[in-house]
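This briefing goes through one protein chain, topic by topic. Keep the structure open while reading.

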Amino acid sequence: MRQRLSTRLRDAPPVVVVLVLYAVSRLVSSAWLGGLFSLATSQGWAFASHRADPSFASFSGSWDASFYRTIAQQGYPTELPVDDDGHVLPNPWAFLPAFPWLVRGVAAVLGVDLAGNAFFAIGLVVAVIAGGGAAVLLHRVVLETVGPQSALWAAALFCFGPLSFVLQVAYAESLLLLLTFGALLAMIRQRYLLMVPLGVVAAFTRPGVLALALALAVTAIMRLRREGKAFRRRERVSVVVAGLLISAAGLAWPVIADHVTGRSGAYLDTELSWWVGFVGRQHFAPLTPWFVMAGTFLGVAGIVLVGVLLGAVTWAFTRRSTQAMGVEVVSYAASYLLYLVAVFLPQQSLPRLLLPVAPLLGHPAVVAVPRLRWVLLWAGVALQPVAVVLLWFVGYP
C-alpha cells in the first residue's frame with residue numbers, strides 16, 4: 001500500500017503533492033501544539049499571555065492574536081493609551097486590519113458572534129487555508145525560477161519548518177505569505193498590474209510590502225539593461241504604476257493612524273512602545289535597530305557581530321548559486337531583509353518575520369546535498385516543540 005501511495009503521489013499534479021505535504025505538516029504541528037497545550041493545562045504551566053477562558057483555540061490567541069481579536073471586535077482606538085509621562089503604550093495600531101477584518105467577515109457570513117474564543121477558532125481556520133495557498137504559490141515561484149526538485153523541497157521545508165506552526169494560529173502570517181508569494185509569482189510572470197491588488201492588500205496585512213516595490217524596481221532596471229528597447233513601453237508603464245501604488249499603500253498606515261488619532265507619529269510611537277522592554281525608550285533612526293539591540297546586550301562585540309552577519313548575508317547574495325534563483329526572488333529576498341535591518345528590532349519575533357524569504361529554501365546549494373535537505377527537514381519537525389515552548393511559555397512569538 002505504501003508503494004501504491006508513493007506511486008500515486010509521484011504521478012499526481014504538483015499542486016496535489018504540495019497540498020498533501022501541507023496537510024501532513026498540519027497534522028504534525030497540531031500534534032505538537034495539542035500535546036503541549038494538554039501538558040501545560042494538566043501541569044498548570046503559566047502561559048506567555050493570559051487567557052481568561054483557555055481552550056485549544058485560544059491557545060493560538062497569544063499576544064498578537066489577542067490584538068487582532070480586539071481589532072475585529074472593537075476596531076482601533078481614536079485616542080492612544082499613554083503612561084503617566086505621556087509615552088504611548090502598546091496598542092492595536094501596531095497591527096494592520098486585513099486579517100482581523102477578514103475573520104470578522106467570515107464570522108458575519110457564518111452568523112457567528114466573535115465574543116469569547118470564536119475569533120481564535122475562525123482565525124485558525126482562515127490561517128490554515130491561507131497557509132495552504134501560500135505553500136502552493138511558494139512551490140510555483142521556485143518551480144518557475146529554479147526547477148521542480150528545488151520547488152518540492154522548498155515547499156517541504158516551508159511546511160515542516162521550526163516556525164511552521166504559525167501557519168495555523170490566528171496570526172496574519174499565512175495571509176501575508178499567500179499575498180506576497182502571489183505578488184512575487186506575478187512579478188516573475190511579468191504581470192505587473194496583477195501585483196497591485198495583492199500588494200495593496202498585503203500592505204494592510206503586515207508591514208514590509210515596500211520590499212515588493214523595491215524588488216520590482218530592481219527587476220525593471222535589470223530588464224531594461226538586458227533587453228533595452230525590447231522591454232516594451234507598456235510594460236514599463238505597468239511597472240511604474242504598480243510600484244507607485246504598492247509604495248503608496250505601504251506608506252499609508254502611519255498617515256491613517258495620525259489622522260484617526262489626531263496625533264503626529266502615532267504609528268511610530270506605538271511601534272517604539274514595544275522596544276522599551278528590550279532597549280529602553282529610543283528615538284528611531286533607520287538602519288540602527290539591530291546595532292542598538294546588539295550593543296545593549298553584548299556591547300561592542302555585539303555591534304561587530306551584527307556587522308559580520310550583514311557582511312556574510314551580503315556575500316551569500318552575490319554567490320552565483322544564489323543569483324541562479326532569478327532576479328525577482330533574489331531582489332525581493334534582499335529587499336525584505338534590508339527592510340528588517342532598517343526598521344525592526346530583532347527579538348523573539350524575528351524567526352517568524354523571516355518566513356517571507358521562504359523561496360530561498362529552494363536554494364540550489366541546499367537542494368543539491370541530499371543529506372543536508374533531509375537534516376533540515378527533520379530538524380524542522382524536531383524543533384517545532386522547542387519553538388512552541390520558548391514562544392508560548394517563556395517568551396512570545
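In this predicted model, Arg 223 touches Gln 190, Tyr 192, Gly 228, Phe 231 and Glu 235, leaving aside residues up to four places away in sequence. Arg 223 sits in helix α10, which covers residues 210-227. With a relative accessibility of 4%, Arg 223 counts as buried, because the limit for buried is under 20%.

**Arg 223 and its partners**

- One contact of Arg 223 is also a charge pair: its side chain meets that of Glu 235 in a salt bridge, at 3.1 Å from N to O.
- This pair links distant parts of the chain, with Arg 223 in helix α10 and Glu 235 in helix α11 (residues 233-261), 12 residues apart.
- Glu 235 is buried too, as its relative accessible area is 11%.
- A network of salt bridges links Arg 223, Arg 226, Glu 227, Arg 232 and Glu 235.
- Gln 190, another contact of Arg 223, lies in the loop between α8 and α9 (195-203).
- Gln 190 is partly exposed, at 34% relative accessible area, and has a positive phi of about 60° although it is not a glycine.

**Other salt bridges**

- Side chains of opposite charge can pair when their charged atoms come close.
- The count of salt bridges comes to 10.
- Arg 189 forms one of them with Glu 144, and the closest N and O atoms are 2.6 Å apart.
- Arg 189 is in the loop between α8 and α9 and Glu 144 is in helix α6 (residues 118-145), so the two ends of this link are 45 residues apart.
- Arg 189 is partly exposed, with 41% relative accessible area, and Glu 144 is partly exposed at 35%.
- Arg 352 forms a salt bridge with Glu 173, with the closest N and O atoms 3.1 Å apart.
- Because Arg 352 lies in helix α18 (residues 350-353) and Glu 173 in helix α8, this pair ties together parts that are 179 residues apart in sequence.
- Both Arg 352 and Glu 173 are buried.

**Nonpolar residues, inside and on the surface**

- In soluble globular proteins, nonpolar side chains tend to be buried together.
- Which residues touch the most other members of the largest nonpolar core? Among its 88 residues, they are Phe 99, Phe 119, Phe 165, Met 195, Val 388 and Trp 392.
- Helix α8 (residues 173-188) gives the largest share of this core, nine residues.
- Another core lies apart from it and has 23 residues, among them Ala 135, Trp 153, Leu 157 and Leu 355.
- The contacts of Phe 99 beyond four places in sequence include Tyr 68, Phe 119, Gly 123 and Leu 175.
- On the surface, Val 15, Val 16, Leu 19, Val 20 and Val 24 form a nonpolar patch with about 340 Å² of accessible area together.
- Leu 19 belongs to helix α2 (residues 14-43) and is partly exposed at 39% relative accessibility.

**The chain as a whole**

- The chain has 20 helices and zero strands.
- A compact globule of 397 residues would have a radius of gyration near 21 Å, and the chain agrees with 21 Å.
- The C-alpha trace spans about 60 × 55 × 50 Å along its principal axes.
- Of the 397 residues, 48% count as buried.
- Of the contacts between residues at least 6 apart in sequence, 72% join residues at least 24 apart.

Definitions and conventions
Residues numbered from 1 in each chain as written. Predicted model: local features only at pLDDT ≥ 70, side-chain atom pairs only at ≥ 80, totals over all residues. Heavy atoms only, no water. Patch = residues over 30% accessible without salt bridge, like charges linked within 9 Å, V, L, I, M, F, W, Y side chains within 5 Å. Areas by Shrake-Rupley, 256 points an atom, 1.4 Å probe, with all protein chains shown as cover. Salt bridge = Lys/Arg side-chain N within 4 Å of Asp/Glu carboxyl O. Helix = DSSP H or I, 4+ residues; strand = E, 2+ residues; numbered from the N terminus. Buried < 20%, exposed > 50% of the residue type's maximum accessible area, 1.4 Å probe, protein only. Contact = heavy atoms within 4.5 Å. Core = buried A, V, L, I, M, F, W, Y, C linked by side-chain atoms within 4.5 Å. Rg over C-alpha atoms; globule rule 2.2 N^0.38 Å.
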